[in-house]
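Open the model in your viewer and keep the sequence panel beside it. The stops below say what to select and what is there.

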Amino acid sequence: MVEPLIKVQDLSMQFLRKAGLFGRGGQRVRALNGLSLHVRAGETLGVVGESGCGKSTLARCVLRLLQPTAGSIRFDDVDLLALNDEDMRRMRRRMQLVLQNPFSSLNPRMNGFELVAEPLRAHRSMPRKEMRDLVVDLLTEVGLSAEFLSRHPHQLSGGQAQRIALARALALNPDLIILDEPTSALDVSVQAQIINLLVRLQRQRGLTYLFITHDLSVVQHISDRIAVMYLGKIVEETSSEDIFANPRHPYTQALLSSTPSPDPAAKRQRIILPGTVPSAANPPPGCAFHTRCPQVMEMCRARIPHSRLIAEGHRVSCHLYEASA
Ligand code: SF4
């Protein structure tokens, strides 16, 4: 069994939302609520959930760009929350983040060379010729020619800009890349190209991915395992094949029912969930999904379901499986 490269346990993140002009006090927002997951070296864990479920907060907490309120995060068996700022800065060379919109993460005043060389300059010193050769190699690796050295972000398509963002992420030879909706802003055909590129890079470099998305179909082919997130918690986690063949949590079943099947003969009955994800400032008591769940029972309104192992590698948090356990 390969040891996890990253292990997150009971992670909680609360923010204080400021009160409005006439409000009497701030509201505590529980963006993450006792979340646990792990990612083994060389694998891809897809984290899937609707907007507002806390996925991006999770990405930022793992990189310690946000300081979690409680819980632990171990990377390569190092307790990240115990590191001082300098040690964490060094550790971040091994952990990179790629965001949804490359145009907001790339400095519009920099050209391709400067954008890819920037992380190298911050951590390594080398002659300019060597730096240029390294940047050209990185561009080639992500499918761009040396012509892109002089291009600025406004001269790039969405797919080209995301390739530059990937070259930047690869520059320091990381072990882990956190991909936060990396294809959501792209056309479907370009999405497939970026996914194929990510698969190839992972194979060639032995990378580990934490791939965050709202779209199950995007992570289907790249993920070894998938974790489904709802209101700051993982509600189901299993292998990628299992989640599509045998989804057990009612929320996963609803997400899956709205995902197009690659097999046109396999028609899925669409499950329409009422409403939207409740506010993390005022989560429902008991099971947080009970306000939208088609299978809600009386006990769901009062008791929080615990995560249970229902088959090898398959965990679910739902009273339906506690009752049958
Ligand atoms: Fe639905 Fe109850 Fe299971 Fe929550 S615990 S998902 S409300 S059946």
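Colour the protein chain by secondary structure: there are 11 helices and 12 strands, where helices (H or I, at least four residues) and strands (E, at least two) are DSSP runs, numbered from the N terminus. This is a predicted model, in which local features need pLDDT of at least 70 and side-chain atom pairs count only at pLDDT 80 or more, while totals for chains, interfaces and linings use all residues. Residues are numbered from 1 along each chain as its sequence is written, and side-chain values use heavy atoms, with hydrogens and water left out.

Stay with the whole protein chain for a moment. Its C-alpha trace spans about 70 × 55 × 45 Å along the principal axes. Of the 325 residues, 47% count as buried. Buried means under 20% relative accessible area, exposed over 50%, and partly exposed in between (1.4 Å probe, protein chains only). Among contacts (heavy atoms within 4.5 Å) between residues at least 6 apart in sequence, 62% join residues at least 24 apart.

Next, select residues 55-62, helix H1. Why is H1 largely enclosed by the rest of the structure? The reason is that 6 of its 8 residues are buried: Lys55, Thr57, Leu58, Ala59, Cys61 and Val62. Just after H1, Arg64 takes a positive phi of about 55 degrees.

Two further stops concern phi. Most residues other than glycine have a negative phi. Asp76, not a glycine, has a positive phi of about 50 degrees. Asp76 is in the loop between strand S4 (70-75) and strand S5 (78-79), and it is partly exposed because its relative accessibility is 40%. Then select Asn173, where phi is near 55 degrees, again positive in a residue other than glycine. Asn173 belongs to the loop between helix H6 (158-170) and strand S7 (176-180). At 54% relative accessibility, Asn173 counts as exposed.

Move to Leu198 in helix H7 (residues 188-205). Is Leu198 buried or exposed? Its relative accessibility is 0%, so Leu198 counts as buried. Not counting residues up to four places away in sequence, Leu198 touches Leu166, Leu179, Tyr209, Phe211 and Ile222. Draw a distance from Leu198 to Tyr209: the two are 11 residues apart along the chain, and their C-alpha atoms are separated by 9.1 Å.

Thr252 is in helix H10 and counts as buried, at 0% relative accessibility. Leaving aside neighbours within four places in sequence, Thr252 is in contact with Val228, Glu236, Ile243 and Pro247.

Asn282 is in the loop between helix H10 (250-257) and strand S11 (307-311). With a relative accessible area of 59%, Asn282 is exposed. Asp224 is 58 residues from Asn282 along the chain, and the C-alpha atoms of the two are separated by 34 Å.

End at the ligand. Which residues are around the ligand? Select His249, Pro250, Cys287, Phe289, His290, Cys293, Gln295, Cys300, Cys318, His319 and Leu320, each with a heavy atom within 4 Å of it. This shell divides into 7 nonpolar, 4 polar and no charged residues; Ala, Val, Leu, Ile, Met, Phe, Trp, Tyr, Cys and Pro count as nonpolar, Asp, Glu, Lys and Arg as charged, and the others, Gly among them, as polar.
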